[in-house]
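This report is meant for a reader who is meeting the structure for the first time. Please look over the sequence and the model before reading on.

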Amino acid sequence: MNRVQNKVAVVTGGARGLGLAGVERLCQEGAKVLITDIDAKEGEVQRARLAGLGFDVAFEVQDVTQAETWGSILDGAITRWGRLDVLVNNAGVGFIGDIESCSLADWRKTLSINLDGVFMGTQTAIARMRVNGGSIINIASIEGIIGEPLVVAYNASKGGVRLLTKSAATHCARKGYSIRINNVCPGFVETQMVANAVAQLPPDAAKAWAETLIKRVPQGRFATPAEIAHAILFLASDESSYMTGSDLVIDGGYTAC
Ligand SMILES: NC(=O)c1ccc[n+]([C@@H]2O[C@H](COP(=O)([O-])OP(=O)(O)OC[C@H]3O[C@@H](n4cnc5c(N)ncnc54)[C@H](O)[C@@H]3O)[C@@H](O)[C@H]2O)c1
């Protein structure tokens, strides 16, 4: 029950989906957690629910693409709880669009949230963790490992996150900072993001896409958010002390064949 006892964590995009599951798992194991999200209403609903369960949680509205938010968000956690141990760069979006149909606006929006946001979060957290150390967990994807014709911008953003993580992790290790930075690379998970992406397709195409995807997963199903949250907890805890610059792939065997 105490795998991250008294650690202080910030989780972006924590109002729902994988981020919320990560928040819950960290709380259950003793962390104090600042949830940030662009969705003020749902963020506050989840904060109140978790506080009602006795967890030490706070919520701040944040758009991860806005550079000026980063310092105040992380400093706010430090002011509130006296330290910062963990940052989970989880906020992300996905739009359907192949290389011929993806608009420049969708490309830029995807890269801005999924990659620029992770860059700014990682850089800002390193400046605050340099002395006492910490763990930065970037939620990449198997879509950053293999190409998927329908999601060109998402592929590019997640591939970028994976290598940003490796560059930053090796930089910190060589500098002698005790900051570890790792990627979680989920396969397909039952969340609103997947539902929204499927909803962008005509119904027949959506059904066919979902059926084809399931068939390609050796374990024959999508993951639940809780199954990904276990990996976030492991990387946040000292159990992963010799891991940095790694990809933790949780995909039911999807990329193994
Ligand atoms: N669901 C999957 O299959 C899957 C697979 C691999 C990786 N991921 C990644 O996991 C992360 C979470 O995805 P999810 O499936 O839980 O999605 P989701 O859509 O259910 O949740 C994403 C959360 O991020 C928030 N958000 C969106 N834009 C934001 C911004 N600019 N600033 C702050 N918050 C913002 C949303 O309000 C939402 O609460 C994403 O980075 C996603 O790319 C998801």
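## Helix α3

Which residues are buried in helix α3 (residues 67–81)? This is a predicted model, in which local features need pLDDT of at least 70 and side-chain atom pairs count only at pLDDT 80 or more, while totals for chains, interfaces and linings use all residues. Residues are numbered from 1 along each chain as its sequence is written.

The buried residues of α3 are T69, W70, I73, L74 and A77, where buried means that 20 or more other C-beta atoms, placed from the backbone, lie within 10 Å of the residue's own, exposed means 12 or fewer, and partly exposed lies in between. Seen down the axis of α3, these residues fall within an arc of 115 degrees, so they line one face of the helix; the arc is that of the directions from the helix axis to the C-beta atoms. On the other side of α3, E68, S72 and T79 are exposed. The cover over the buried residues of α3 includes β1 (8–12), β2 (32–37), β3 (57–61) and α4 (104–129), and just after the helix G82 takes a positive phi of about 85 degrees.

## Overall fold

The protein has eight helices and seven strands, these being DSSP runs numbered from the N terminus (H or I, at least four residues, for helices; E, at least two, for strands). Along its principal axes, the C-alpha trace spans about 50 × 45 × 35 Å, and buried residues make up 42% of the 257 residues.

## Nonpolar cores

A nonpolar core is a set of buried Ala, Val, Leu, Ile, Met, Phe, Trp, Tyr and Cys residues joined through C-beta atoms within 7 Å. The largest one has 53 residues, of which A9, V33 and I232 touch the most other members, and helix α8 (residues 225–236) gives the most to this core, with seven residues. Apart from it lies another core, of five residues, among them I96, V151, V152 and Y154.

Leaving aside neighbours within four places in sequence, V33 is in contact (C-beta atoms, placed from the backbone, within 7 Å) with A9, V11, V23, L26, C27 and V57.

## Around the ligand

The ligand is surrounded by 29 residues, the closest being G13, G17, G92, T191 and M193; a residue is near a molecule if its C-beta atom, placed from the backbone, lies within 6 Å of it. The elements that give two or more residues to this shell are α1 (17–28) and α6 (192–199).

Notes
Contact = placed C-beta atoms within 7 Å.
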